[in-house]
Amino acid sequence: MEHLSNNTLALSSEESAARELLARYWDGQLPIDPVKIATSAGISVYGRGGWGDQAYPYSGYYRMFNGVPSIEYNVSEVPVRQRFTVAHELGHYALGHKDAPRDSGNFQSSGDFRERQANRFAAELLMPASLVIKYYQNDYAASVGALASMFGVSRDAMGYRLKNLGLLR
């Protein structure tokens with residue numbers, strides 16, 4: 001398992017929560033599996049929006065269902081979107097948010113503070129800063145696309161992550 005450094009001085013609560021779940025449940029393999037982490041944490045995870053459920057209006061949804069924390073994700077979306085959605089909904093759980101549907105808009109554009117928190121959590125969970133910096137600076141991956149593939153995220157998500165980490169302008 002890769003060691004995730006906690007030496008950053010000003011960790012946000014979202015980053016701290018993501019690192020805590022990674023330390024507890026991550027098997028050290030890339031790409032990080034948010035479904036495996038969620039289920040290991042006792043959260044029910046299930047797909048929606050497939051055949052017979054095409055009217056499902058969300059990318060994802062976190063809620064308590066019969067006393068059990070539950071994450072839904074839309075199976076009709078591309079796999080990298082599904083992964084980010086599950087990580088985002090896991091963020092709602094880890095940050096103590098109540099029921100939280102995730103619409104189908106751009107993951108960077110939400111005006112809701114809780115949605116932005118869940119996005120930051122998902123970015124740290126799927127693309128831990130210490131690993132992205134290590135792989136980017138040591139040329140383990142030669143491009144944004146190669147890094148995105150390594151971490152199982154979209155090129156857009158990796159591009160935002162590199163910019164937010166100050167590695168790209």
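**Entry 1: cavity**

I began with the term itself: on a 1 Å grid over the protein atoms alone, a cavity is a set of points where a 1.4 Å probe fits but cannot get out. Its lining residues have an atom within 4 Å of a point. Grid points are joined across faces, edges and corners, and a volume is the space filled by probe spheres set on the points. I noted that this is a predicted model, in which local features need pLDDT of at least 70, side-chain atom pairs count only at pLDDT 80 or more, and totals for chains, interfaces and linings use all residues. Residues are numbered from 1 along each chain as its sequence is written, and side-chain values use heavy atoms, with hydrogens and water left out.

I found one cavity of 30 Å³ or more in the structure. The volume of the largest cavity is about 30 Å³. I listed its lining as Tyr 25, Trp 26, Asp 27, Asp 33, Lys 36 and Ile 37. By class, this lining has three nonpolar, no polar and three charged residues (Ala, Val, Leu, Ile, Met, Phe, Trp, Tyr, Cys and Pro count as nonpolar, Asp, Glu, Lys and Arg as charged, and the others, Gly among them, as polar).

**Entry 2: chain overview**

I recorded seven helices and four strands in the protein chain (DSSP runs numbered from the N terminus, helices being H or I with at least four residues and strands E with at least two). From the N terminus on, the order reads α-α-β-β-β-α-β-α-α-α-α. Of the 169 residues, 44% count as buried (buried is under 20% relative accessible area, exposed over 50%, partly exposed in between, with a 1.4 Å probe and protein chains only). Among contacts with a separation of 6 or more, 62% are between residues 24 or more positions apart (contact means heavy atoms within 4.5 Å).

**Entry 3: salt bridges**

I counted 10 salt bridges (a side-chain nitrogen of Lys or Arg within 4 Å of a carboxyl oxygen of Asp or Glu). One of them joins Glu 14 and Arg 120, at 3.4 Å from N to O. Glu 14 lies in helix H1 (residues 13–25) and Arg 120 in helix H4 (residues 113–126), so this pair ties together parts that are 106 residues apart in sequence. Glu 14 is buried at a relative accessible area of 4%, whereas Arg 120 is partly exposed at 36%.

I then examined Arg 19 and Glu 124, whose closest N and O atoms are 3.0 Å apart in a salt bridge. Arg 19 belongs to H1 and Glu 124 to H4, so parts 105 residues apart in sequence are tied together here. Both Arg 19 and Glu 124 are buried.

Lys 36 is partly exposed at 39% relative accessibility, and Asp 27 is partly exposed at 38%.

**Entry 4: helix H6**

I looked up which residues of helix H6 (residues 144–151) are buried, and noted Gly 145, Leu 147, Ala 148 and Phe 151. Seen down the axis of H6, its buried residues fall within an arc of 160°, so they line one face of the helix (the arc is that of the directions from the helix axis to the C-beta atoms). Their cover includes helix H3 (79–94), H4, helix H5 (129–137) and helix H7 (155–164). After H6 comes Gly 152, for which I noted a positive phi near 70°.

How values were computed
On a 1 Å grid over the protein atoms alone, a cavity is a set of points where a 1.4 Å probe fits but cannot get out, and a pocket is an open set with protein on both sides within 12 Å along at least five of seven lines; lining residues have an atom within 4 Å of a point.
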